[in-house]
Amino acid sequence: MLIKCPECGKDVSDKAPACIHCGFPLNNLHKKNICLVDGTEYDMTEFVDSYMKLTDAEKRELYEKTLSRYNGNTEVTSHNTTQVIRKINEQFNWWYHSKENDKGYLAEKFTLDYIDHNFQYFEFNTADIQIHPKQFVVQNADQRR
Ligand SMILES: [Zn+2]
């Protein structure tokens with residue numbers, strides 16, 4: 001099967017170890033449902049499977065509302081989409097607890113990034129993620145518990 005090289009965008013075989021056009025290593029693309037989070041590889045199969053069971057409308061809702069929440073808005077998500085995000089909360093122990101111990105935004109950002117990467121292998125470094133200045137939890141953590 002031909003895939004698009006993520007580096008140069010040209011067609012390459014998905015069996016090639018590296019792109020024949022630009023040399024970009026393609027080995028990691030074969031790692032199905034694996035992500036590198038803070039230097040450790042995690043199996044994301046449970047999350048991907050639960051996401052794939054959503055309807056198209058639920059997938060849209062999940063992305064749009066997660067993006068809105070990450071940008072500091074209050075959004076109530078349906079039961080099914082909430083259960084998908086909870087897989088990330090649980091897997092990485094990223095929850096909204098309090099102003100001092102707030103990791104919920106990481107679950108939102110990871111989910112958005114993983115969907116943007118079309119569930120291909122990618123690197124996620126929590127130290128690089130900026131909490132949005134208008135982050136909902138900063139003002140509203142107490143009401144949300
Ligand atoms: Zn290439």
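Analyst: Leu62 touches Leu54, Thr77, Thr81 and Val84 when residues up to four places away in sequence are not counted, and two residues are said to be in contact if their C-beta atoms, placed from the backbone, lie within 7 Å. Residues are numbered from 1 along each chain as its sequence is written. This is a predicted model, in which local features need pLDDT of at least 70 and side-chain atom pairs count only at pLDDT 80 or more, while totals for chains, interfaces and linings use all residues.

Leu62 itself lies in helix α2; helices (H or I, at least four residues) and strands (E, at least two) are DSSP runs, numbered from the N terminus. Leu62 counts as buried because it has 22 C-beta neighbours inside 10 Å, where a residue is buried if 20 or more other C-beta atoms lie within 10 Å of its own, exposed if 12 or fewer, and partly exposed in between, with C-beta atoms placed from the backbone. Ser78 is 16 residues away from Leu62 along the chain, and the C-alpha atoms of the two are separated by 8.6 Å.

Leaving aside its neighbours within four places in sequence, Val84 is in contact with Phe47, Ser50, Tyr51, Leu54 and Leu62. Val84 also belongs to the largest nonpolar core, which has 14 residues, and together with Phe47, Ile88, Leu106 and Ala107 it touches the most other members; a nonpolar core is a set of buried Ala, Val, Leu, Ile, Met, Phe, Trp, Tyr and Cys residues joined through C-beta atoms within 7 Å. The elements giving two or more residues to this core are α1 (45–52), α2 (56–70), α3 and α4, and the largest share, 4 residues, comes from α4.

α1 and α3 pack at an angle of about 175°, with their axes 9 Å apart, the axes being lines fitted to C-alpha atoms, for helices over the stretch in contact, and the angles running from 0 to 180 degrees between N-to-C directions. The two helices are therefore roughly antiparallel to each other, since angles under 35 degrees count as roughly parallel, over 145 as roughly antiparallel, 65 to 115 as roughly perpendicular and the rest as oblique. On the α1 side the contact is made by Glu46, Phe47, Ser50 and Tyr51, and on the α3 side by Gln83, Val84, Lys87, Ile88 and Gln91. By class, this contact of α1 with α3 has 4 nonpolar, 3 polar and 2 charged residues; Ala, Val, Leu, Ile, Met, Phe, Trp, Tyr, Cys and Pro count as nonpolar, Asp, Glu, Lys and Arg as charged, and the others, Gly among them, as polar.

Helix α3 (residues 79–92) also packs with helix α4 (residues 104–116), here at an angle of about 120° and with the axes 9 Å apart, which makes α3 oblique to α4. In this pair, Ile85, Ile88, Asn89 and Phe92 of α3 meet Leu106, Ala107, Phe110 and Thr111 of α4, and by class the contact has 6 nonpolar, 2 polar and no charged residues.

Between α3 and α4 there is a loop in which Asn93 lies, and Asn93 counts as exposed because it has 9 C-beta neighbours inside 10 Å.
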